[in-house]
Amino acid sequence: MTTIGFIGVGEIASAMVEGLHAATETVAAPEDRYSFLLSPRNADRSAHLAATVETAEVCDSNQEVVDRSELIVLAVLPQQAAAVLDELDIPADRTLVSAVAGMATDRLAEHLPHSPTIVRIIPLPAVRERKGVTAMYPASQAIEELLSHLGGSVTAADETMFSTLSATTATMSAHFAFLQTITSWLVSQGWEQADADHFIRGQFVGLGTTLAETDTPIAELVADHETPGGLNEQLNHEWMDEANRDRLAAALNAVFARVTGSAD
């Protein structure tokens, strides 16, 4: 049984624990399962996980998490990471899996004097349902195997490429804002908010299923969902025109600059 320690137990850490537990709780061989050690940070969430996941336990300190774990997942806010690492003694034979956004490997290494293995990941909330594809850098067979239980992974060739994937994760709230704008238009036409939300949820859940259950290239999905001269084509061309595409690309460039520390 592999022991994974979590330093910082927020939403993403919780999603990973619940996803990994659900993926392996019924396997026959105990060595293929995971046990989880949780830091006392975010005590309420840690206590909830320990109460609902039979192989999870809350440690008395972050150092205890390190001492008893084979893999250590660092899942704290970027502004907290340096201070948290400086309080820890992480041996060279451990693997630190960093889910800290925007903190490059060399910056992490500055706070790890024993030079443990460092692997960066970008887990998303969908790992709870084992449907999240997680970005990883550098390649690691052990971490790739772990992520296979959560929906799979893609490995970046270098840290710059890893950061491009990090930038695209900033589009999630904009996706919901897009749906919010559509429902607001329906409300302006006389619909009740609850009915508008209900209808739009149903419309886009179906599209999510298409993404989850096919490997059709996304560019082809655009064409598959519109006919020449049809309503979908009209809205796509009138709204997602070249100017709006350029604005989205510029916004992603700005996020990428922030993630890589190259923003002015």
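**Strand E5 and its neighbours**

Begin with strands E5 and E6, which run parallel and are joined by 4 bridges; strands pair if DSSP finds at least two bridges between them. Helices (H or I, at least four residues) and strands (E, at least two) are DSSP runs, numbered from the N terminus. The model is predicted: local features need pLDDT of at least 70, side-chain atom pairs count only at pLDDT 80 or more, and totals for chains, interfaces and linings use all residues. Residues are numbered from 1 along each chain as its sequence is written, and side-chain values use heavy atoms, without hydrogens and water.

Within this pair, select Thr95, which stands opposite Thr117 in E6. Then display residues 95–98, the whole of E5: Thr95 and Val97 point one way, Leu96 and Ser98 the other, and all are buried (under 20% relative accessible area; exposed is over 50%, partly exposed in between; 1.4 Å probe, protein chains only).

Ile72 has Leu96 as its bridge partner in E5. From E4 the chain passes through helix H4 (residues 78–86) to E5 in a right-handed β-α-β crossover: with the strands pointing away from the viewer, the path from the first strand over the helix to the second runs clockwise.

**Loop residues**

Select Ser115, in the loop between helix H5 (105–109) and E6. Its phi is near 55°, a positive value in a residue other than glycine, and Ser115 is exposed, at 58% relative accessible area.

Finish at Pro138, between E7 and helix H6 (141–148); the peptide bond from Tyr137 to Pro138 is cis, with omega near -10°.
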